[in-house]
Amino acid sequence: MAEETLAALRSLMASHSPKLDALVVPSEDYHQSEYVSARDRRRGFVSGFTGSAGLALVTANEALLWTDGRYFLQAEQQLSKQWKLMRMGEDPAVDIWMADNLPIEAAIGVDPWCISVDTAQKWERAFSKKQQKLIQTTTNLVDQVWTSRPPPSINPVVVHPLEFAGRSVEDKLKDLREKLVQEKARAIILTTLDEVAWLYNIRGSDVPYNPVAHAYAIVTLDAAFFYVDKKKMSSEVSSYMEENGVQVRDYGVVSSDTALLASDQLASTNSAKETGKTGKAMSDNSVEESRNDLVWVDPGTCCFALYSKLNQDKLFLQSSPLALAKAIKNPVELEGLKNAHIRDGAAVVQYLVWLDKQMQEIYGASGYFVDGEVNKKNQPSTAKLTEVSVSDKLEGFRASKEHFRGLSFPTISSVGPNGAIIHYCPEAETCAELDPNSMYLFDSGAQYLDGTTDITRTVHFGKPTSHEKACYTAVLKGHIGLGNARFPNGTTGHILDVLARLPLWKDGLDYRHGTGHGIGSYLNVHEGPHQISFRPAARNVPLQPSMTVTDEPGYYEDGNFGIRLENVLIVKEAGTKFNFGDRGYLSFEHITWAPYQKKLMDVSLLVPEEIEWLNNYHSRCRDILAPYLNTSEMEWLKKATEPIRA
């Protein structure tokens with residue numbers, strides 16, 4: 001199949017005008033999304049690699065796949081012999097490879113809807129030394145050969161109530177227009193799905209695990225537009241948009257409207273009443289309005305197709321102001337996130353209680369608490385547990401909780417060697433059976449109306465080796481070290497990343513992924529613009545109060561096991577004895593509640609402060625989760641959170 005697909009693509013490349021020497025197939029959709037709908041998984045269709053991050057390049061004689069360290073093992077397993085894996089951070093970047101390996105004046109094709117302005121311009125600079133050209137294809141060549149491409153889904157747009165959103169559309173539009181005036185812009189084009197959803201307080205289900213709708217927005221000083229398939233709009237949602245002064249237009253019209261915007265001809269057809277509501281900030285200041293002639297575009301997220309329709313000398317190219325506004329949660333969102341994580345923690349504890357019992361009964365495991373050999377006498381049994389069957393059980397516990405709306409990403413349920421595949425996604429037909437003699441890692445989360453969750457725990461139901469305990473303890477020490485950090489205002493996640501790695505580095509260990517990402521309020525599980533990472537982008541945005549961020553160091557030993565521990569944190573102001581430079585200091589508040597397995601800890605490697613923190617955290621777990629657990633579950637949790645004695 002891979003061979004036939006490549007042959008069909010190469011035929012289209014050869015017949016294209018101009019003839020294409022290479023075709024780029026990105027992972028992203030028209031909105032530069034990390035997670036995309038089944039219909040938009042073009043790179044996965046072409047290459048067979050299903051990870052969320054990566055880029056495929058097809059030339060006349062080669063097929064290459066770039067991906068990052070989270071997916072090296074997975075890509076090795078999924079790519080056919082026709083493909084070559086290119087490891088980001090180790091092999092040349094795709095633009096450098098193309099510039100160096102493709103001929104002079106080569107034509108490199110890409111669908112301009114699937115590539116950002118930043119990326120396109122970066123490539124064009126790399127191509128200039130050999131007069132190579134980036135060609136915007138008028139149709140997506142992959143779509144022409146993908147005969148079984150899923151049809152568009154028509155899922156309803158729903159209103160996200162103010163009781164969960166915390167701020168009205170009117171307030172958000174007012175703040176956004178103030179930003180436009182401040183930057184002398186007359187309009188902004190919003191292309192990322194979660195920003196559109198956040199701005200208009202709507203949600204959808206067009207992308208699995210992400211409660212968003214395929215939509216664009218354009219906001220001017222006196223009008224607001226929402227571009228969506230109108231078949232997704234109920235009369236109630238249409239009325240809601242009208243009440244908020246937002247004009248609903250067909251999804252495909254965003255292209256022609258962008259061209260109209262460029263020539264300052266995009267006008268609202270809303271009634272005077274509605275125009276007054278959205279335009280009041282500027283309606284009585286025409287002198288000020290005349291000075292605002294720029295169109296704001298986020299070059300990191302806006303697709304090259306829309307950018308190409310705008311006047312290049314009338315653009316304000318800067319990150320969207322909504323990225324930061326969305327990341328700094330309002331009090332209602334913070335309270336909702338805390339409550340969602342409490343219910344989610346209860347589900348995780350119920351899962352661990354169930355799994356502990358099953359592992360003992362079916363496999364003769366010594367269990368969650370006892371560090372012992374497997375009792376072979378209890379085997380064999382007709383029942384068995386697999387990575388998929390147990391993750392389905394975890395989903396069932398979550399589904400019983402208030403406000404549950406689905407998972408926030410495919411559950412990473414991984415046993416033994418599969419745990420070393422950082423973003424492993426088990427399939428029912430091929431997944432592994434649970435093994436009482438192996439580590440078990442589960443990274444999972446849910447979407448609730450009041451918040452999005454993401455938690456990772458690693459456990460062992462048999463007798464872990466001293467090496468496994470040492471590795472687990474190093475990860476735990478890094479997790480505690482980062483979570484307990486205090487740092488001055490203006491500190492970025494790039495600086496803090498090292499805190500989670502130091503205990504691992506001490507033993508010559510490390511991990512290939514970032515340490516923390518923002519998390520949405522009933523939105524995407526991965527949310528920027530901040531992050532905690534060694535990657536340069538983590539330098540761009542300092543951590544600020546009321547941001548959410550994960551704390552998830554790990555260690556992965558290929559062919560043996562994987563370890564990761566993850567909590568969600570809220571950035572808050574810290575009380576410090578001194579205030580050097582009058583900068584103010586920040587710290588973290590944990591809002592994830594589930595025990596760490598004491599059996600996996602080498603307590604001799606923990607310092608008194610770490611033991612004190614663990615005992616305090618476990619005590620809070622008991623108190624916070626008690627109202628959500630029955631008597632037997634609570635007894636299990638009490639045992640799991642008994643104080644550690646040094």
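The sulfur of Cys425 lies 10 Å from the closest cysteine sulfur, that of Cys431, which is too far for a bond. A disulfide here requires two cysteine sulfur atoms within 2.5 Å. Cys425 is partly exposed because its relative accessibility is 38%; buried means under 20% relative accessible area, exposed over 50%, and partly exposed in between, with a 1.4 Å probe and protein chains only. The structure holds zero disulfides. Cys302 is likewise in no disulfide, with the nearest cysteine sulfur, in Cys303, 5.0 Å away. Cys302 is buried, at 1% relative accessibility.

The model is predicted: local features need pLDDT of at least 70, side-chain atom pairs count only at pLDDT 80 or more, and totals for chains, interfaces and linings use all residues. Residues are numbered from 1 along each chain as its sequence is written, and side-chain values use heavy atoms, without hydrogens and water.

Aromatic pairs number 23. Rings of Phe, Tyr and Trp (its six-membered ring) pair if their centres lie within 6.5 Å; planes under 30 degrees apart are stacked, over 60 edge-to-face, and the rest tilted. Tyr351 and Trp354 are stacked, since their ring centres are 6.2 Å apart and their planes meet at 20 degrees. Both residues lie in helix 16 (residues 331-363), three residues apart, about one turn of the helix. Helices (H or I, at least four residues) and strands (E, at least two) are DSSP runs, numbered from the N terminus. Tyr351 is buried, at 0% relative accessibility.

Trp593 and Tyr617 also form a stacked pair, with centres 5.1 Å apart and planes at 20 degrees. Trp593 lies in the loop between strand 28 (585-590) and helix 20 (608-625), and Tyr617 in helix 20, so the pair ties together parts 24 residues apart in sequence. Both Trp593 and Tyr617 are buried. Elsewhere, ring pairs link Tyr30, Trp113, Tyr216 and Tyr251 into a cluster.

Charges also sit over rings. The criterion is NZ of Lys or CZ of Arg within 6 Å of the ring centre and within 35 degrees of the ring normal. The charged end of Arg87 sits over the ring of Phe72, 5.5 Å from its centre. Arg343 lies over the face of Tyr448, 5.1 Å from the ring centre.
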